[in-house]
Amino acid sequence: MNKLCIQGNKHLNGNVIISGSKNAALPILFMTILTEEKIKISNVPNLTDIQIALKLLIHLGAKIKKDKILHIDTSSINIFCAPYYLINKIRASIWTLGPLLARFRKAKIFLPGGCKIGSRPIDLHIHGLTQLGATININKNYINAHVKGRFQGKYIFMEKISVGATITIMSAATLAEGLTIIDNAACEPEIIDTAKFLNSIGANITGAGSKKIYIHGVLKLKGGTHKIIPDRIETGTFLIGATISKGYIICHKTEPKHLTNVLIHLSKSGAKITTGKDWIKLDMRGKRPKSLNIKTAPYPGLPTDMQSQFTLLNIISTGVGSITETIFENRFIYASELIKMGAKIKIKNNTITSFGIPKLISSDVLCSDLRGSATLILASCIAIGVTIVNHAHHLFRGYDSFPDKLNKLGADIKII
Ligand code: UD1
């Protein structure tokens, strides 16, 4: 699964079914630690990040059964320490901290890993938990934390908008004594889905999806079932694939409302877009895209997780376009691989400027992060010749059956 051989010069046409959201499934899996009762979760995508999250829960003592849905029983959790070899693999593992502290009052976890896209600090998670009453020491790469009694509800202003820290604070506040208000909270749909799940098992959270989230702490949570929302980044990636290949695509089982900003930019680039309740149709046949000038921003702005895909769009568009990355530093590593394929780009600080060319050419390329790998694969599908994509394991962390889905749309991708 580490190397792909891709025959290029293809148009991507047809229907694709979108999987459940990675970035909603991961926090929700870790939130199950908060309850002793049984949970069933459906629409969980098949990804290596999810497999690692499940291994981590099993390591802590949870019992997990998988058929069409996931059955999770965390009543048997009896380990509060998460080791390097699991934590180091996914950034999302930080979400064990809040729930372990809230339910068991203690936790010891290794500092989290994940994609190499900048420094990715955890100060906001630590600060939030400390304000709610935790005592936290970081020693030799381990976070050692405990809380005396229940967390105590507080007003918390987030100095920086963070998806991860908003979820950590929400998880801890769910079982706290009194009211917690998270001000300047992240508004991403994945936060709303996490709050919806927690409310369905007895939490009292309002305002998720807005800048202020109100969490009235409860004593105990119960069991329940939840269906994960569709993956908006996977949807956006397929829409870009159709746009750059002059194709025609219908994405099914998605949520168009979560992609408003992405769709506005694709329309500006020349795509004809129609949407229904759970589908998006994009027609780019016979047209070359027009380049765009955009900035990534917290939701409802353009997602940083779509930055590399939009850069690819600019690279093969007419005119000069630029994308400014405002969320993470060091998120242009993939760009040097696109230069090997003929891209004309210039990077200055956090802005990447593209001078559009009509065609890319094949090469040997190397993936170094999740979204960048999807971008290199899309670039290979439209390049002239055969491209070898190395280190493709990054892709499988966050895209369910991506080569299969692309092949059904007319790509020619072989896993070597
Ligand atoms: C999540 C997503 C990731 C997405 C990102 C931004 C998951 C598993 N990952 O990542 O796909 O790219 O949101 O939409 O859901 N920051 C701090 N201190 C902290 C935490 C964050 O300074 O304690 C900074 C980060 O360095 C970054 C910004 O805040 O500059 C946003 O990070 P955050 O929203 O927390 O991203 P993640 O939760 O890591």
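Why does Thr-375 count as buried? Thr-375 has 0% relative accessibility and therefore counts as buried, a label given to residues under 20% relative accessible area, with exposed meaning over 50% and partly exposed in between (1.4 Å probe, protein chains only).

The legends below describe a predicted model, in which local features need pLDDT of at least 70 and side-chain atom pairs count only at pLDDT 80 or more, while totals for chains, interfaces and linings use all residues. Residues are numbered from 1 along each chain as its sequence is written, and side-chain values use heavy atoms, with hydrogens and water left out.

**View A. Thr-375 and helix H12 (residues 370–382).** Helices (H or I, at least four residues) and strands (E, at least two) are DSSP runs, numbered from the N terminus. Thr-375 is part of H12, a mostly covered helix in which 13 of 13 residues are buried. Not counting residues up to four places away in sequence, Thr-375 touches Ser-308, Gln-309, Leu-312 and Leu-338; contact means heavy atoms within 4.5 Å. The N-terminal end of H12 is capped by Asp-369, which has a side-chain oxygen 3.4 Å from the backbone nitrogen of Arg-371. A polar contact is a pair of N or O atoms within 3.5 Å; within protein, one must be able to donate a hydrogen and the other to accept it, and residues adjacent in sequence count only if both atoms are side-chain atoms.

View B. Asp-123 places a polar side-chain atom 2.7 Å from a ligand nitrogen atom. The ligand taken alone exposes 740 Å², and the protein buries 91% of that; accessible areas come from the Shrake-Rupley method with a 1.4 Å probe, and for residues only the protein chains shown count as cover.

**View C. Pro-298 in a loop.** Pro-298 is located between strand S18 (293–295) and helix H10 (307–315). Its relative accessibility is 30%, so Pro-298 counts as partly exposed. Leaving aside neighbours within four places in sequence, Pro-298 is in contact with Ile-161, Glu-188 and Ile-327. Asp-231 is 67 residues away from Pro-298 along the chain, and their C-alpha atoms are separated by 16 Å.

**View D. A four-stranded open sheet.** The strand order is S10-S11-S13-S12, with mixed pairing; two strands pair if DSSP finds at least two bridges between them. Strands S10 (155–157) and S12 (204–206) stand at the edges with a single partner strand each, so one side of each is left without a neighbour in the sheet. S10 pairs with strand S11 (residues 179–183) in the parallel sense over three bridges, and Phe-157 stands opposite Asp-183 in S11.

**View E. Two hairpins.** Strands S16 (residues 272–275) and S17 (residues 280–283) pair in the antiparallel sense over four bridges, with four residues between them in the hairpin. Thr-274 stands opposite Lys-281 in S17. Strands S20 (residues 345–348) and S21 (residues 351–355) likewise pair in the antiparallel sense over four bridges, and Ile-347 stands opposite Ile-352 in S21. The hairpin of S20 and S21 has two residues between the strands, and Asn-349 takes a positive phi near 50° there.
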